Amino acid sequence: QMVPLKQRKEKIQVRPPEEPIIDISFSLCISVWSIGEGAPEETEKHDDSQKSTLFIEKPQSGSVSVGENITFIAKVEAKDLLRKPNVKWFKGKWMDLASKAGKHLQLKESFERHTKIHTFEMHIIQAKENFAGNYRCEVSYKDKFDSCSFDLEVTGKIPLVGDGQDDAGELDFSGLLKRREIKQQEEEPEVDVWELLKNANPSEYEKIAFQYGITDLRGMLKRLKRMRREVKKSAAFSKGLDPAYQVDKGGKVRFMVELADPTVELKWYKNGQEIRPSAKYIFEHKGNQRILFINNCTVADDARYYVTAGDEKCSTELFVRDPPILVTKGLEDTNTYVGERVELSCEVSEDDANVKWFKNGVELTNEPRSRYRIKVEGKKHTLIIEEAAKNDNATYSVMTTGGQSEAKLSVDLRPLKISLALEDQTVRLGQEIHLKCEISENVSGKWYKNGQLVEASDRVKIYHKGRIHRFIIASSAVDDEGEYMFVPDAYNINIPCKVHVVDPPRLHLDGLGEDNTVTVVAGSKLRLEIPITGEPTPKVMWSKGDKVHCYYSGRIRAETYPDSSCLVIDTAEREDSGPFRITLKNEAGEDTALINIKVVDVPDPPQAPNVTEVGEDWCTMTWEPPANDGGSPILGYFIERKKKQSSRWMRLNFELCKETTFEPKKMIEGVAYEVRVFAVNAIGISKPSMPSKAFVPLAVTSPPTLLAVDGVTDTSVTMKWRPPDHIGAAGLDGYVVEYCFEGTDEWIVANPELTDKTKFTINGLPTGSKILVRVKAVNAAGASEPRYHPQPILVKEVIEPPKIRLPRHLKETYTRRVGETVNLVIPFQGKPRAKVSWKKNGAPIDKNQINIRNTENDTIIFIRKAERSHSGQYDMRVKVENLEDKATIDIQIVDRPGPPEVVMIEDVWGENVNLSWKPPKDDGNAAITGYTIQKADKKSMEWFTVIEHYHRTSATINELVIGNEYYFRIFAENMCGLSEDATMTKESALIAKDGKIYKYPVYDDFDFSERPLFTQPLINTFAVAGYNATLNCSVRGNPKPKITWMKNKVIIMNDPRYRMFSNQGVCTLEIRKPSPYDGGTYTCRAVNELGEAEVDCKLEVKAQSNTTFSIHEAFYFYP
């Protein structure tokens, strides 16, 4: 009989002898399985031949009573790991215990830095019976992975099935099977597994199938795939097939659809192949119903079926189920010994049936690496354990689709006897350690040292042959000393012994430098650790001279540890330098060594430097190295300088000076400086030396210029020159004149004392000789480079004809005003002993009024206050022996003129008056250049100028006011100005009325309004950073325009760095100490009610030059 899966609900009950009932309700469940772990983990757990990749200690299977606690420990060595490995704990195949941590389960981890071992612990607290089962620990690090399985056995009172269900959720797998006691008249609520699968992730399918007992997961996933497809409403089928059907093997199944149109042709398909009517497949029509019967169903009929009506299709899945397999002969309890072969057998109702084996509820698989082998012979199924172990004690069960059977396997140990016990040994360091024991049983075991498990390695060889166990270390080390123990597997017995390794004391000084020298900086702490070896631990003693350092107090002390000894100097001092002796003693011998402690420090400061030479902006300084270099060679020196009146020192070199001489530069001439020196070694910089004596950079002047011969006599030579082009801050003290005779190199100083004049006569020279002359300028810095006369000078007087060199302005009339000074210099030539004479208008000059001074090269005429009487023609004569030269100079002394003689009113008509006058009698010794006419109303007598600079002696005055009476006066004017007085008319001029009404002309007010106009624009400007800059322009406009300044089109407002001025139309923007940031385009905008105008310019701010920076760097960089 066929029943749709979604409508069918079966209950299969299996009743073992103890009478519990396992009730499994599910639409496809036909068998009940225990949950657990398969055999591969068992193989991992017990296969000692495979070496672990990460674990150095794996968790071991254990047993605990109900209500007690148990801890499982796993250890991982971190020597080759850069970070902590990832560790997970599982129960069974998939339960991650990290999510179950609580009051019954705690996971802990720790790290021991000394041994570099990670320890991971799982604590089970107040164990319950359902905590029993197989567990797994996994560790991973990058591409490395390791896993270990172990079992937990819980002994004690077993609660009734169904008791304690509230606590079973944390570690209980069996709770997933819904085990409970028989409850009458109570149905389990139906669970929609399809909804669970449809909403679950694919990774959870196996978990859901295991939880609800699904045996045909493939069919379930096929059906789930069909159900997830979107079901479209069919026009051809009014009722389609169900999603899935299930039938027992040999049974009959019925498929039925209803058509909307019974005339449509219908076809049935199985796995894509059309089904034809036969004895197996029977078609039936009932109205709109179309029915397919499949008789005698077999496993081959388990397939996908679909029916087509035109272009539409409807599909379903058919599942064919085998009949339940019964257990006809159950398992039997078995007792055996460790190492024996065990076989557990049962028989079932069908040949080659699907049978599952379980150990304590954990499924066993027949994999090649499993310790358990399953053998099938027809209806007989056998579980084989080749070599039984203690942990094989368990309840084994077999399950089929229709029944189950279980039995207990008890594995006991044979009594163990020790045939040969381990013996205590004493060996020397490096010799072989050989431990051997013999027991009565051929079982494996483990070796322990001081309670720690010892694994076989390159050093440690462990052998097991039959009943003999051997432990060999080819070359013993100090660490090999301890208590060793052999523990046979599965036996609660151990075979102990002691190994004692002796070794003479030894100092390990490989880490020290040459000659065992240790260098420490003064003031720092020294902790010198010397590794030591020796068994037993040697006694350590430190000493320096007669002083022994063996206490744990004081600035210098010794500290001793099992594997090292430390010499500690808290604050090293130079006096601590010297050899320290360390001595080791134990019963096996003695060792000693000398260790040189070298305390280094910064060097002592050098002595005050000496300034040996100075220049315009430089000096040369030297110094001696410091007396004590601090124990480390001097690497170089730092030099600093400062102005004497300042307290700011400035570093001059940023790279070490290797020599003991230095040349500071870029100093200010004339300013007093001091210098000092720092010594530098590998430890640091010394304190500064004492400052040098103050010095002032000074430079000699440049050579004198224009050295020439001024005169030669028979016994003397007169030289003249100009001062040097560059004198400097040291000034000029005077000159030194030197000469030498032609053909010799001996220079003779002509003036033993410096002369401050630029002319000097060398006397006492032999007539006819030739001399070379040079002149040096001298100041505080010394003598300058000499200036040489280019040619030899003959000492012999030469007649030079007289020649007056009259200046050009004296070749015309020389004019001066009365009261001014007359000072005329007329140069001339003539040798020897030229005579000069003067005459005025042909008569000798009165020396009381006019001063005459003559020199060899010029003559000077001087009048302190010129008068008009000094005017005239001056004749100058220069005479040398019989030769003569002369020149004439016209001097005119002028003054203001007198007033005109007479001023007369010639005529008056209308608004006009005609005046005439005579020139003044005194013209002031200069031509009259014009007249100035003024008028005054008779009533007020206030004078107003009418005409200026008028050249004629008659004039007409116009536009006088009718009815007024006027007086007139006239001033005469020459090159010195207006006359002091004026001549006034004796009569007045009346402007009479003629009876006509004077009509004043009407003038419109002038419109002064004007829109802003810049009469002077801004110009592009370059400014120097740190110095104020100004921008100027001029603007006009009426009404007065409002001025606005902008930078880069942004209005400048309330910025203290800018000041704005506007005076009489001139607009100024002052920028205080600009920086390169202030560069840009500046705009001046003028606005009034008639319009606006703008001008702009670019401002570029340049950084200060290096020279300026070097002069002031001391003030900017050093406090």
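Modeller: Val502 counts as buried, because its relative accessibility is 17% and the cut-off for buried is under 20%. Please keep in mind that this is a predicted model.

Biologist: OK, and which strand does Val502 lie in?

Modeller: Val502 belongs to strand S39, which covers residues 495-507.

Biologist: What does Val502 touch, leaving out residues up to four places away in sequence?

Modeller: With those left out, Val502 is in contact with Val427, Arg428, Leu429 and Glu535.

Biologist: Switching to S59, how many of its ten residues are buried?

Modeller: Eight of the ten residues of strand S59, residues 770-779, are buried, and therefore the strand is largely enclosed by the rest of the structure.

Biologist: Which way do S56 and S59 run, and how many bridges join them?

Modeller: Strand S56, residues 734-741, runs antiparallel to S59, and eight bridges join the two. Within that pairing, Lys776 in S59 is the residue opposite Val736.

Biologist: And what about S62, in what sense does it pair with S59?

Modeller: Strand S62, made of residues 793-794, pairs with S59 in the antiparallel sense over two bridges, and Ile793 in S62 is the bridge partner of Ile771. Strand S61, residues 787-788, also has an antiparallel pairing with S59 over two bridges, where Arg774 is partnered by Tyr788 of S61.

Biologist: What joins S59 to S60?

Modeller: A hairpin does, passing through two residues. Strand S60, residues 782-783, pairs with S59 in the antiparallel sense over two bridges, and Gly782 in S60 stands opposite Asn779.

Biologist: How many bridges join S23 to S30, and do they run parallel or antiparallel?

Modeller: S23 and strand S30, residues 404-412, run parallel and are joined by four bridges. As for a specific pair, Thr334 has Leu409 in S30 as its bridge partner.

Conventions: Residues numbered from 1 in each chain as written. Predicted model: local features only at pLDDT ≥ 70, side-chain atom pairs only at ≥ 80, totals over all residues. Heavy atoms only, no water. Pairing = 2+ DSSP bridges. Buried < 20%, exposed > 50% of the residue type's maximum accessible area, 1.4 Å probe, protein only. Contact = heavy atoms within 4.5 Å.
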